[in-house]
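Q: I would like to go through this model with you before setting anything up. Shall we start with the charged side chains?

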Amino acid sequence: MSQVLPPVEVRLQGTPGRGFVLVLPGGGYTSLSPAEAEPVCAWLTAAGIPNGLLRYSVDPARHPEPLVQVLDAVHRLREQVDGPIAVMGFSAGGHLAGLAATATASERQLRESWGPGGVTRPDLAVLAYPVTAFHRRPMRSMAASLLGSDPAPEDLAAMSLESRVDATTPPFFIWHTSTDPSVPADDSVQLAQALLAGSRPVALHLFASGGHALGVADGVEASAWKSLCLRWLEHHGL
């Protein structure tokens with residue numbers, strides 16, 4: 001596993017003491033979508049919320065390298081900012097944000113091999129039209145980018161966010177469109193059901209129209225996610 005971490009771009013804009021939002025763009029674990037990067041950070045900055053963009057490693061990097069990079073970024077941010085730390089991920093970045101929010105003890109120990117430990121799970125997770133599992137239907141390209149060619153069924157199951165929910169899973173905010181042609185909204189529904197079954201806090205918002213890779217979703221019905229999310233973040237201390 002590489003010891004070289006992408007930089008976390010800590011922005012000076014925002015209200016001090018309000019925590020921090022770490023943005024994780026999507027891109028199928030093969031690239032990082034520009035539409036889910038700087039525009040999201042600009043929106044958060046305009047709302048007064050300190051934020052940064054993590055350019056995590058993608059294919060040919062394999063799990064758990066991207067996850068450990070997120071956990072390390074969260075750990076380092078705790079030394080720099082006050083207030084809760086949230087991860088905000090889109091599509092594959094939403095899957096990665098969910099992995100970080102449900103990181104197992106063994107995954108957290110992998111991060112500790114890079115330096116002293118601490119609380120590396122984020123305090124909050126915002127997932128936008130996320131991939132939540134690979135085992136319910138073929139997602140061969142994304143699974144191969146994250147796990148390598150021909151991953152074992154048990155490895156695919158271990159990447160299912162709903163199977164990773166435990167008693168310490170932080171609050172989740174999830175949004176999706178019911179007409180998403182790339183990642184069915186059922187991914188978000190299944191995760192929300194698992195969080196509810198585990199008595200963990202979750203806000204789920206489904207919009208009747210819209211596609212995939214919407215980013216801030218300006219000009220479409222789903223743009224309402226932004227005001228809903230800001231209220232949710234404020235409720236949780238940001």
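Q: Is E38 buried, partly exposed or exposed?
A: E38 is partly exposed, with a relative accessible area of 36%. Please note that this is a predicted model.

Q: Which residue forms a salt bridge with E38?
A: The partner of E38 is R55, and their closest N and O atoms are 4.0 Å apart. R55 lies in the loop between strand 2 (51-53) and helix 2 (65-78), whereas E38 belongs to helix 1 (residues 38-46), so the pair ties together parts that are 17 residues apart in sequence. R55 is partly exposed, at 39% relative accessible area.

Q: How many salt bridges are there by this rule?
A: The count is 6 salt bridges. Among them is the pair of D123 and R78, with the closest N and O atoms 3.1 Å apart.

Q: And R164, what does that pair with?
A: R164 forms a salt bridge with E107, the closest N and O atoms being 2.7 Å apart. The pair links distant parts of the chain, 57 residues apart: R164 is in the loop between helix 6 (153-158) and strand 5 (172-177), and E107 is in helix 4.

Q: Are R164 and E107 buried or exposed?
A: Both R164 and E107 are buried.

Q: Changing topic: how many disulfides?
A: The count comes to 0 disulfides. As for individual cysteines, C41 is buried at 0% relative accessible area, and C229 is buried at 0% as well.

Q: What about the overall fold, how many helices and strands?
A: The chain has 8 helices and 6 strands. Of its 238 residues, 53% count as buried.

Conventions. Residues numbered from 1 in each chain as written. Predicted model: local features only at pLDDT ≥ 70, side-chain atom pairs only at ≥ 80, totals over all residues. Heavy atoms only, no water. Disulfide = S-S within 2.5 Å. Buried < 20%, exposed > 50% of the residue type's maximum accessible area, 1.4 Å probe, protein only. Helix = DSSP H or I, 4+ residues; strand = E, 2+ residues; numbered from the N terminus. Salt bridge = Lys/Arg side-chain N within 4 Å of Asp/Glu carboxyl O.
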